[in-house]
Amino acid sequence: MKIRTEKLYLSMILIASFIVRLIPHRTLLLATYDEYLHRDITIRLASQGLSAISKDIPSLLGLRAYSYPPLFHIIGAALYRLFPSDYVFFMLPPIYGTIAVFGFYLAFKELMEDEKRALLATSLLAFAPNFIYRTGLYIPENLGLAMFSFSLLLLIKFLKTRRLKYLIVLGVLLGVYMLTHRGWVFFLMAASVIILSYIWPIIKKNLHYFIALLILAYIAYLKIDFINSLVADFFLRLQKTEVSFLGYFKWIGVIQLVFGALGTKYYLERDPIRRGFALWAWAFMFAGGISFRFRDPYATIPLAAMSAEFLIDEVFPRVGPLLRNALSDIRGIGSKWVKNVSTKKGLATAVIALMLFVPLAQGAYSAFRYINPPTVSDKEAYQWIIDNTPEDATILVWWDMGYLIIGNTHRKDVVIWKKVYQGFFGEAPTAMEASQAYNDHVVMFSSNQRERVYFLMKKYNVSYIFVDKTRLSYGLIKYGLMEYAPYDTHFKLEFCNGNAQIYLFIPEPTLQPVDMFPLNYTGTYEPLVSFLEKFWTGYNYADFDDRYKAYFNLNGWMVELYSRLYEKTGDEAFKERTDWLLKWLSYKQMDNGAFPWGVPPNDFTLYTSYTLEPLKNFTFEGKEKSLDLLKSREKEDYFMTTPTDEKGGLVTNAMMLPVYKELGILNETTEKNILREILNEQRGDGNWNGNLGTTIAIASSLARYYQLTGNETVLEAVKKAAEWLKDQQDETGKLKAEKFDYAYSRATYAQMVYIYHVAGLTEEEEITLKFIFDTFNPNREVHPLDTVITIYRYFGYAYGPDKAIEMLNNLLRLHPMVKFE
């Protein structure tokens, strides 16, 4: 091949390689978790200087478990100081990756002594999915593979010429490589296989010495702690995950894998270096079945060389004859034309071109599809951490989020900090210590042994807990720490937005529960109290469901209900519980006065207002703060549902209208505008949106608003809604929409009772009330505590709180909950 043509094709390969390696950062976001880690280390070095790096030699060489050599980050830090922009992290990977591609071209050219073969081998390697992954990201392996390529070039030159200068330069380069990435260990493994193949005739003659050397090496491994520790740590560091057969096609590449495997015999029969390449490929592919680190991309390197030469020598020359033979027996219309085409050289060329296009297409596709940026969905939460936490704060997060926390906030986590940063900036942990940190973080998230969790959080100096919506879907998190953190006074919610939640860990809370046990009450109201106390957590009352266990609004109503029971019975236990709940509510409310709700929780205005409604006549610390928050959420024609809401909603506006009125914070303009919108949206037959749930929610809110204001226009709307609702029930009072038994909570029917009561539909009110008393079953309620408290709330609106308590007590006497032994 002419030199000019060679340079042209090489330039095209290098340019295409560079462009493909830009794809992972096309969104100008870091593309993998690891990149956040290495960017953070680089930025820390840029600001702290080289003195921050560990002085532990094995750590500097990457020989400790979970340690990184520093050269990659030192170079990045130097460039970042010159160009303080994230573009440094986006542009360096394709530059390093393209240098690696060029280095492997030189190595393949030295091996094959043919530019055309080297160019094909380079193309197959450059666009192998796993090679793009490792050389297209801001990770130390990127620069490491560039050094691997030139180390391979020098090794081949030394073996072919036996000139000492190549060995000396190789030794120097390996010294630099050792400070860059632990991939130098893989190079030594591959080099050992090649050298063994090269000197096999000598080994055969001195096999007994070779075996003796292996025995001595094994004894050294067993007896010398330093060697044992290094080897054990290295293999413990390898991710041991079984790799599926399809994974080889996906990551190595179809052409590279198939024709590399077919070229094995071809390479084994050639010179010792090529034979070493074949042995290297298969040794690493077998090892890659257990740990992908061998396969990706180190097995791909020899496979690219093997497949290139096999294609050129064995496959491409046979494409034309194979096509002619395959199409020779065709008969019928057009067969002559097909046969004629099959003899043309252009068809074979087109087939070969298609084969060569496959690796490029697969590589480009992999850069788009296989390298997916982790979800950085909560920049608001990260910014809150930056603005509100100390720089040395340790944040407990699920391990894979540790990369994002460290990379986006520059704070510590438990697992990744122990595994990586301790080794980079200090003394690397052993593999066992790193494993213990992982196990302890699982315990902190999953265990219900709270004293153990508190101990571990103190041990790791945890300041905050961060959980997002995705991690909350993990059962061991949802039913572990996140089950009790909402009500346990060791934790205070500092931030929430419906996707992320951040808790402050308080090792010694100022508010400690006085009585962790349920009230033991025997008296007139035993059915009611016995039911309610089944939901006592030691801190608050929480339902038997998967919802947010703080239940601030229900505990607000518990204060109101138990205060009345104290007035009725004089039992001091009710007063003590009421006093505790008021302190607990004040302690657990957010700093802005909000009482959040939801999974994950959000600062919903509605639930803050619902919590304050039953507490309007009680004094507690933080009450004014909550009222001020509600006032700030009141706009001219809507209530903000969350701090970021700009339009409100029909149903939530209706539900908050009477509460704001009762709390005395309703602006006249807001009241007029919202009321007008609600009444205008009511349809001629009395419903809203043709929806049963929407109509009940709005009509019951308007009924309460009418009770507070006496507005006759509102009463007419309630009456119209009541007329529509009665048509939705059968003669027993059951909703016709209740296709299967107990599809609707009896709390819904209690709302309907209240609507009928205000509307004056006495017959429908009595029928619905009887239906509740006949069919109520707390064991079938999805949210039994919420249901009972809601029934109390609406019965209280209709008949007064005292009568509501009597009715609820009778209801629970008739329908008790399953007993707990």
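**A close look at one part**

Author: Glu560 lies in helix H30, which spans residues 552–569; helices are DSSP runs of H or I with at least four residues, numbered from the N terminus. The model is predicted, so local features need pLDDT of at least 70 and side-chain atom pairs count only at pLDDT 80 or more, while totals for chains, interfaces and linings use all residues. Residues are numbered from 1 along each chain as its sequence is written, and side-chain values use heavy atoms, leaving out hydrogens and water.

Glu560 has a relative accessible area of 11%, so Glu560 is buried (under 20% relative accessible area, with a 1.4 Å probe and protein chains only). Not counting residues up to four places away in sequence, Glu560 touches Pro614, Phe618, Tyr792 and Pro801; contact means heavy atoms within 4.5 Å.

Helix H40 covers residues 784–799 and packs against helix H38, residues 746–759, at an angle of about 5 degrees, with the axes 8 Å apart. Axes are lines fitted to C-alpha atoms over the stretch in contact, and angles run from 0 to 180 degrees between N-to-C directions. H38 is therefore roughly parallel to H40 (angles under 35 degrees). Among the residues that meet are Ala750 and Val753 in H38, and Phe795 in H40.

Phe795 touches Ala750 and Val753, and its other contacts include Leu769 and Met807, not counting residues up to four places away in sequence.

Technical notes:
Helix = DSSP H or I, 4+ residues; strand = E, 2+ residues; numbered from the N terminus. Parallel < 35°, antiparallel > 145°, perpendicular 65-115°, else oblique. Buried < 20%, exposed > 50% of the residue type's maximum accessible area, 1.4 Å probe, protein only.
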